[in-house]
Amino acid sequence: MSGTGPVEPGEGTHARDTGDVPRPAARPPGRLARRRRTVLGGAAVLAVLAGGGYLYAGRPGQPPPPPPPPYPVHVVDLAYLNEVSSDGGPGGRSDGRSGGRSGGFSFAVLLSVESGPPVTVTRLAQPYDGLAMTSSPAAPFQTKSHSARKIIVTLRVTECEKAPRNLGLPFLDVTLRNTRAIQAHSFILGPRYTQDLSQALQVACSNDSR
């Protein structure tokens with residue numbers, strides 16, 4: 001075939017006429033469009049709430065809440081000072097002995113409160129059978145923050161058979177209370193207290209056996 005005329009369609013074929021093919025009708029706004037509007041609206045509300053919360057948190061004049069007060073055992077220290085005489089002064093007794101049922105064994109400790117609210121000593125005790133204990137001041141008593149209180153403790157032997165013989169690390173049981181909590185703690189008073197108490201018990205019970 002020759003020539004420049006239009007090409008005739010072959011048998012079994014059809015000419016493509018794009019102008020006569022109808023376009024699909026525009027889909028009316030339905031569920032998908034409504035969902036998009038809902039999501040966009042929710043995102044806008046969240047953005048407004050987040051922005052408002054940020055502005056509220058960043059407003060001046062709104063300090064953060066104060067931290068809770070410390071636990072009493074974290075701010076209290078109990079230290080052994082020395083043996084004291086019957087009149088409350090340092091040193092041994094007038095008879096030169098460190099023990100005995102008559103005078104007992106008296107010593108001074110220093111209770112310090114480092115920080116936080118005042119701390120009250122509600123109980124002061126020792127763990128050994130055969131010994132009785134008193135203190136001045138007697139519990140309960142309170143000590144303010146950043147201060148210290150001197151306490152005179154007196155131990156008396158009530159039964160030598162039950163009194164401790166080989167003292168390892170003797171301690172005092174103290175119950176402490178502040179606005180945060182009530183706690184019981186055992187304070188080890190160190191080697192000087194161990195030595196002084198051991199000597200006092202030996203003398204007390206040796207005098208008792210005579």
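User: Which side chains meet in a salt bridge here?

Analyst: A salt bridge is called when a side-chain nitrogen of Lys or Arg lies within 4 Å of a carboxyl oxygen of Asp or Glu. In this predicted model the side chains of Glu-159 and Lys-162 meet in this way, at 3.8 Å from N to O, and by this rule the count comes to one salt bridge. Glu-159 is partly exposed, with a relative accessible area of 35%; buried means under 20%, exposed over 50% and partly exposed in between, with a 1.4 Å probe and protein chains only. Residues are numbered from 1 along each chain as its sequence is written, and side-chain values use heavy atoms, without hydrogens and water. As the model is predicted, local features need pLDDT of at least 70 and side-chain atom pairs count only at pLDDT 80 or more, whereas totals for chains, interfaces and linings use all residues.

User: Which cysteines does a disulfide join, and are they buried or exposed?

Analyst: A disulfide is a covalent bond between the sulfur atoms of two cysteines, and the criterion applied is a pair of cysteine sulfur atoms within 2.5 Å. Here Cys-160 is joined to Cys-205, with 2.2 Å from S to S, and both cysteines are buried. The torsion about their S-S bond is about -105°, so the disulfide is left-handed. Cys-160 lies in the loop between strand E6 (147-157) and strand E7 (171-177), while Cys-205 belongs to helix H3 (residues 191-208), so the pair ties together parts that are 45 residues apart in sequence. Helices (H or I, at least four residues) and strands (E, at least two) are DSSP runs, numbered from the N terminus.

User: In what order do the strands of the open sheet run?

Analyst: Two strands pair if DSSP finds at least two bridges between them. Four strands form the open sheet in the order E1-E2-E6-E4, with antiparallel pairing, and its edge strands, E1 (76-83) and E4 (131-136), each pair on one side only. E1 and E2 (residues 105-113) pair over seven bridges, and Ala-79 stands opposite Leu-110 in E2.

User: Which residues touch the most other members of the largest nonpolar core?

Analyst: A nonpolar core is a set of buried Ala, Val, Leu, Ile, Met, Phe, Trp, Tyr and Cys residues joined through side-chain atoms within 4.5 Å. Of the 34 residues in the largest one, Phe-107, Leu-189 and Tyr-193 touch the most other members, and the largest share of this core, six residues, comes from H3. Leaving aside residues up to four places away in sequence, Tyr-193 touches Tyr-80, Phe-105, Phe-107, Leu-155, Pro-170 and Leu-172, where contact means heavy atoms within 4.5 Å.
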